[in-house]
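Here is a brisk report on one protein model.

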Amino acid sequence: ATDVDFNLPSVIKDFLFDLHDATRRSARIDEVQRLYDAKFKEITDKYFAQSPWPETKVIASEVGNDEGFLVFYREMAMRHVTTKLKPQLADHIASWKNYVQLFDIVLNTKEEDLCLSTQWICDIVLEFVYQFQGFCQFRSQVTSLNAETIKVLEANRDAWNLPEVVSILKKLIRASKNSSSAGKNTPFNAGPFIAQFGYFATIELARLECLTGDFTASLSTISALKLSDRSELFVQLPLCHFNVFYHAGVSNLLLRKFSTAADVLSEIILHVSRVLKPGAVNSLRAGLQTQLQRALDKAVALTAIATFLCPGHRLDDQVKEIVDAKYSDKIQKLHNTESLQKVLTDLFDFSAPKFISPSVPDYSVATNTKLDVINHIFASFLTEVEQNQAFFKLKSFLGMYASIELDKLARFNDIAEADLVCQLVSAKNKGVQQRASSSSQRGDVHYFVDAGAVIIDSSSAKSELNKAQERFFVAGVRKHAEIAAQINKAFAAVGLE
């Protein structure tokens, strides 16, 4: 970022003075929320749409040269550069050093000395991991880096290194557990700020683990939150809410837990669809509607993949309608062996997160490693899909019978009886792998071979049908409860409680 040396307009001076006063002296959370959540965006769009915010030395006198506050201001300014402008390498490194300083302040500041809104805290932690992700992608494109850039990167190998990033997030989580609100669901814009930093650090650590391909660890980390609990703090922050469910869905999908992935993704599809309805969208922060629409499209594409891989799983009717409206043609093409790879590649490229290789590359070797991780993950996933495709026809026949002779089933599948037995064993083994450390894969056909016939376990089928009906009923109750809450909120807004 370049030094902006000019006379600050009075509106900017007033904003900075008021924000400093609200965060460091008066501790008025409502004022912090107004200034950060709304005024900051308004001033940025009007005065800094194409330029960075002023350097700290330009505005220091407006905030009483408060070094602690200037660290938070610098984070806001750098976030604007990285999201709206074109950050340079020096910006990335300066931002890393500022984050290290900022989190040190957070971990060592008394509650009464710092007042931040929930949205502000969420944005800080969210951006921290986003910038790590962006820096990993930047430095992995070795062939695009000139000699001077490589020299700077070599001299700053400790900048944005994975162990330190993870260590910072875990320190925040540990500190939050030691706070006075440990074990409690922190209210919005209330409670100790360290508890909220730890809360969002948990979410971002899970996202980071997903981005680096450690899907089991990601699900383990996010299990500290109750995803189905509407009182969870992330529910009040639409983008954070989406990230929680989206990365949990991705992790389940790539761990071959296809029906679980479909359920998790369906939940967020329904929520975001309601948020984006004409009546509700007006309450969103500026620019959030576009972000959520893109996010929704990704979740729908992932759900299309999950339902293709678990054809017996029943989706919520509304979700099925959304998926079919957008991807019915692609789902049909997935069943064609010739078009499977291309269609799956298109869907995966569009919907998957930007996976990263967190290791520092060997800058002496002119090779780009940016796509290595996603290519490896997709190749492994494609192999799994191709293996599952061989079982679709077999399972479709099993779903039609209570029992069937092996020779008859072999004729239906146009294969030898010995090959059929191999397929049955392979399909059963694949199902066991997918169910490992998780609940039963819904939509599975349970069977065993006895006396030259395949016996379908009808008790499992009936049990699964009952569970499907229960899920449908519970989803309906939840949906009606949300509609009732929206109606009551609308009545309350016009004084008709």
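Helix axes here are lines fitted to C-alpha atoms over the stretch in contact, and angles between N-to-C directions run from 0 to 180 degrees. The model is predicted.

**Overall make-up**

The protein has 19 helices and three strands. Of its 497 residues, 48% are buried. Among contacts between residues at least 6 apart in sequence, 73% join residues at least 24 apart.

**Two helix pairs**

Two packed helices are described by the angle between their axes and the distance between the axes. Two pairs are set out below.

| Helix pair | Residues | Axis distance | Angle | Hand of crossing |
|---|---|---|---|---|
| α10 and α11 | 215-222 and 238-254 | within 9 Å | roughly 140° | left-handed |
| α14 and α15 | 317-334 and 337-351 | 8 Å | about 135° | left-handed |

Take α10 and α11. Their axes cross at roughly 140°. That angle makes α10 oblique to α11, since over 145 degrees would count as roughly antiparallel. On the α10 side, the contact uses Phe215, Ser218, Leu219 and Ile222. These meet Val244, Ala248, Ser251, Asn252 and Leu254 of α11. By class, the contact of α10 with α11 has six nonpolar and three polar residues, with no charged ones.

Now α14 and α15. They pack at an angle of about 135°. The two helices are therefore oblique to each other. From α14 come Tyr327, Lys330, Lys333 and Leu334. From α15 come Ser339, Leu340, Val343, Leu344, Leu347 and Phe350. The contact of α14 with α15 divides into seven nonpolar, one polar and two charged residues.

Lys298, in helix α13 (residues 288-309), is in contact with Tyr246, Phe350 and Ser351, leaving aside its neighbours within four places in sequence. Lys298 and Phe350 are 52 residues apart in sequence. In space, their C-alpha atoms are 6.7 Å apart.

**Aromatic residues**

The structure holds 25 aromatic pairs. One of them joins Phe72 and Trp120. Their ring centres are 6.4 Å apart and their planes stand at 80°. The pair is therefore edge-to-face, because planes over 60 degrees apart count as such. Phe72 lies in helix α4 (residues 67-84) and Trp120 in helix α6 (residues 118-139). The pair so ties together parts that are 48 residues apart in sequence.

Both partners are buried: Phe72 has a relative accessible area of 2%, and Trp120 has 0%. Both also belong to one aromatic cluster.

Asn65 is not a glycine, yet its phi is positive, about 55°. Asn65 sits in the loop between α3 (56-59) and α4, and α4 is the helix that holds Phe72.

Arg256 is not a glycine either, and its phi is about 70°. Where is Arg256 found? Its place is the loop between α11 and α12 (258-275). Arg256 is buried, with a relative accessible area of 17%; the cut-off for buried is under 20%.

Definitions and conventions:
Residues numbered from 1 in each chain as written. Predicted model: local features only at pLDDT ≥ 70, side-chain atom pairs only at ≥ 80, totals over all residues. Heavy atoms only, no water. Helix = DSSP H or I, 4+ residues; strand = E, 2+ residues; numbered from the N terminus. Parallel < 35°, antiparallel > 145°, perpendicular 65-115°, else oblique. Left-handed = near helix turned anticlockwise from the far one by under 90°. Contact = heavy atoms within 4.5 Å. Nonpolar A, V, L, I, M, F, W, Y, C, P; charged D, E, K, R; others polar. Phe/Tyr/Trp six-rings, centres within 6.5 Å; stacked < 30°, edge-to-face > 60°. Buried < 20%, exposed > 50% of the residue type's maximum accessible area, 1.4 Å probe, protein only.
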